[in-house]
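Subject: Structure handover

Hello,

Here is the structure I promised to pass on. Please open it alongside this message; my notes follow below.

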Amino acid sequence: MGLLGVAGVLALTACGSKVNAAADGGPSSSSSSAAASSGAAKESCVDTSGDSVKIGFLNSLSGTMAISEKTVQESLTMAADEINAAGGVLGKQLEVIKEDGASEPATFAEKADKLIQSDCVAAVFGGWTSSSRKAMLPVFEGNDALLYYPVQYEGLESSKNIFYTGATTNQQILPALDYLKEQGVTSLFLVGSDYVFPQTANKEIKAWAAENGMEIKGEEYVPLASGADFSTIITKVKDSGAGAVFNTLNGDANVSFFKEYKNVGLSADTMPVVSVSIAEEEVAGVGVENLVGQLTAWNYYQTLDTPANQKFVADFKAKYGEDRVTSDPMEAAYTSLYLWKNTVEKANSFAVADIQANADGVSFEAPEGLVTINGDNHHIAKTALIGKVAEDGLIYTEWESPAPIEPDPYLSTYPWAEGLS
Amino acid sequence: MKFLTSSRFSAFVPFLLAAVVLFVLAPGILSDFRLNLLARYLCFAIVAVGIGLAWGSGGMLTLGQGVFFGLGAYAMGLHMKLDDAGPGRAPDYMPPTTDWLPGWIEMFRSGPITIAAIVLLPAAVALVLGLATFKRKVRGAYFAILSQALAAAFALLIIVLGSQSGNYTNGTNGLSNFRSFFGYDLNDPVNQRMLFYLAAGFLLVMVFIARQLRNSRYGELLRACQSSEERVRFLGYDPANVKVVAYVIAAAMAGIGGALFVPIVGIITPMDVGVAPSIAMLIGVAIGGRGTLWGPVIGAVGVAWAQSTLSEQFPAFWTYVQGALFIVVIAFLPGGLASLGSVIRNARGWWDDKRGRPAEPPVAVTDDLKTDVGSRV
């Protein structure tokens, strides 16, 4: 009876003292200093001695996010194949290891750890939801490894171990607001899913509106789980008489939202909706007939008329099928692999510290146009594009920022945003 | 030498074996990364021991252990975030302007209160829920549905507490980016190893508690409740009380598993406590053999291990394997993998019978299997 208890206690005390011994030498038990994480980082096991180098793709291939994240993995695969066909990076072929994040943050953390510690990859590309990124962040900082994250997000983050190749708020949401103001819209209704991105975005939108004399007529959230009932919300939207709707809904909720929107007789002419989570991939799901004429805010559309994009779209269709479309996150993922390649070649090294030191100013003629890494915050300068959904299901540019916008994840250059972060 | 062969000693052989595997073999042969994964599986195994007690012995098909797992996990997570933030300061995921925290958050700043809460919170919730349902003779599928609804509601509650005024739980993003565990740096591999030993130690203690309960008079009563509550009532016992005890202990075990999960995995989100993870916790127990002492442990570790390995080899393929495994076990091996031996023995008996050889006498386990099939919900 007592045998096990004794064994348990013995074992626990035994390992407790082991830890104390290590703690004396190491930077353990420091709980409040921010430097603690970097001090104890594990040794990198990346092997660059052979004629190939490993990289990891970590996307959800199962679960609710699979439908979106699979497309990102496809464009990443295409980029890796292109790079390998053109001679690799620093003369080394890329050996890709693919993992499934299963749409669960904890799985993303586990698989990131596996890619870094077990497979010894030089960099990891992937993640979609903010929760998946937040879950991976401590893993990459703890191991001092690199993540390239390809999706627009809510900003207010900047890790030296993450490169953000999607837009932050001042490259997507703020230009959309400026555009609406320019169009003479004086009041907005905010609709979003009930989670961090819409909440943070709407906080910023309200701060911006207070500064720019835009009236916020209402703010409504629906749970992320699908099956939300929009009839009440749409009635509120209709009765508000707002000039436009700012839509931060995610996923399936958009289907019911736009159907109901059309049912009550609202349209892009009477009250336009600006969406920040609907790209080419989602248009078919929501239904083109429900979306025609509505606005979107991104940094890339399939219809962009640049030589790099024509090649990107043609290659993608040739590889994955004529009926496929390309979208902003896919393009940002494709771009992220090239930005990593260009940084490695500039640094002439695969080491994390060398990449961090050489990242500033690295650019790439991407399908969306020229993009450049900002070495301070690890985001990239991108051109903002307001688009309109057309009958053919594609999105055409209505307005674009005159030049690539410098990333400002903490909105520190906007006085009205003080106190938001 | 009589001691060695006594049944009292042989009952502890599995414990010694498990201790050798966990404390000597595993740390010896596994890399830091794999050892950390095993530590995560052990957390689910701790939950599984509780499910084995409630479901395997008591017949309560609890589809909502994620709630208790989550209560323990969020108690630990909040403590670690508050500890990282430093005295008097709000965790980093809250707005920097936060200068006041409600008492129910603030109390997790204290280590001893957190440790008490990890056990007492799930136990209290299970006590209230158990009394409310079992006293009303709610059981079988109705209890299963109720417990599952609770898991769904709990996950939603965590999200709501993270989104409405205050951001107490960080919503869907969950709690992550922990730096220390009761003062120990989580990035130090030595401390990760310590967490593994901690999980292994707790697991053995939990299995030991389950064993003592199963072999006690109370264990008899619990199994009697599973077979026929009415008869237990005729004998003068209240089956509701008997079941509540097992349910509360299972909840406390789930809370401990959840609390260990957080420093080991480094993140807890509503997705780890809702309906899907609650069912996943159950599948391991079913596959391992819910009626046995070690079956739930082996099942939970085995299923989690298979999930990690298979999803590495064949991404996106795991879900189908899990479903197929569950169906195969329920259809052909209702006693779980732990009953594999006796099933093979029976099959051989049947085979021998067919070929005209004298069959072995029917093994007692067949009866077990029958009750198992009969009581399936």
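In this predicted model, the centres of domain 1 and domain 2 of chain B lie 33 Å apart, taken over C-alpha atoms. Domain 1 of chain B covers 37–332, and domain 2 of chain B covers 334–377. Where they meet, domain 1 of chain B gives 20 residues and domain 2 of chain B gives eleven residues.

Which helices of chain B each supply at least two residues of the domain 1 side? They are helix 8 (141–163), helix 10 (217–227), helix 13 (275–288), helix 14 (295–313) and helix 15 (318–332) of chain B. By class, that side of domain 1 of chain B has nine nonpolar, ten polar and one charged residues.

Next, the core. The largest nonpolar core has 222 residues. B:Ala45, B:Ile46, B:Ala199 and B:Leu203 touch the most other members. Helix 12 (residues 239–265) of chain B gives this core its largest share, 20 residues.

Take B:Leu203 as an example. Apart from neighbours within four places in sequence, B:Leu203 is in contact with B:Leu42, B:Ala45, B:Ile46 and B:Val297. As a rule, nonpolar side chains in soluble globular proteins tend to be buried together.

Now chain A. Its secondary structure comes to 14 helices and 15 strands. Chain A has 421 residues, and buried residues make up 52% of them. Look also at the contacts in chain A with a separation of 6 or more: 70% of them join residues 24 or more positions apart.

Chain A, too, is divided into domains. Domain 1 of chain A takes in 52–166 + 309–381, and domain 2 of chain A takes in 169–301 + 385–417. Their centres are separated by 27 Å, taken over C-alpha atoms. In the contact, 25 residues of domain 1 of chain A meet 19 residues of domain 2 of chain A.

On the domain 1 side, the elements that give two or more residues are helix 3, helix 13, strand 12 (369–373) and strand 13 (380–381) of chain A. Strand 12 of chain A has the largest share, three residues. By class, this side of domain 1 of chain A divides into eight nonpolar, twelve polar and five charged residues.

Last, a sheet in chain A. Five strands form an open sheet in the order 2-1-3-4-5, and the pairing is parallel. Why is one side of strand 2 (93–100) and of strand 5 (162–164) of chain A left without a neighbour in the sheet? Both stand at the edges, each with a single partner strand, so one side of each has no neighbour there. Neighbouring strands of this sheet are turned by 25 degrees against each other on average, direction ignored.

Eight bridges join strand 1 (residues 52–59) to strand 2 of chain A, and the two run parallel. A:Asn59 stands opposite A:Asp100 in strand 2 of chain A.

Helix 3 (residues 66–85) of chain A touches strand 1, strand 2 and strand 3 (124–126) of chain A. The direction of helix 3 makes about 170 degrees with that of strand 2 of chain A. Helix 13 (residues 328–347) of chain A touches strand 3, strand 4 (147–149) and strand 5 of chain A. The direction of helix 13 makes about 165 degrees with that of strand 3 of chain A.

Best wishes

Technical notes:
Residues are numbered from 1 along each chain as its sequence is written. Chains are lettered from A and ligands numbered from 1 in the order in which they are written. This is a predicted model: local features need pLDDT of at least 70, side-chain atom pairs count only at pLDDT 80 or more; totals for chains, interfaces and linings use all residues. Two strands pair if DSSP finds at least two bridges between them. Helices (H or I, at least four residues) and strands (E, at least two) are DSSP runs, numbered from the N terminus. Axes are lines fitted to C-alpha atoms, for helices over the stretch in contact, and angles run from 0 to 180 degrees between N-to-C directions. Two residues are in contact if their C-beta atoms, placed from the backbone, lie within 7 Å. A residue is buried if 20 or more other C-beta atoms lie within 10 Å of its own, exposed if 12 or fewer, and partly exposed in between; C-beta atoms are placed from the backbone. Domain bounds come from an automatic or database domain assignment. Ala, Val, Leu, Ile, Met, Phe, Trp, Tyr, Cys and Pro count as nonpolar, Asp, Glu, Lys and Arg as charged, and the others, Gly among them, as polar. A nonpolar core is a set of buried Ala, Val, Leu, Ile, Met, Phe, Trp, Tyr and Cys residues joined through C-beta atoms within 7 Å.
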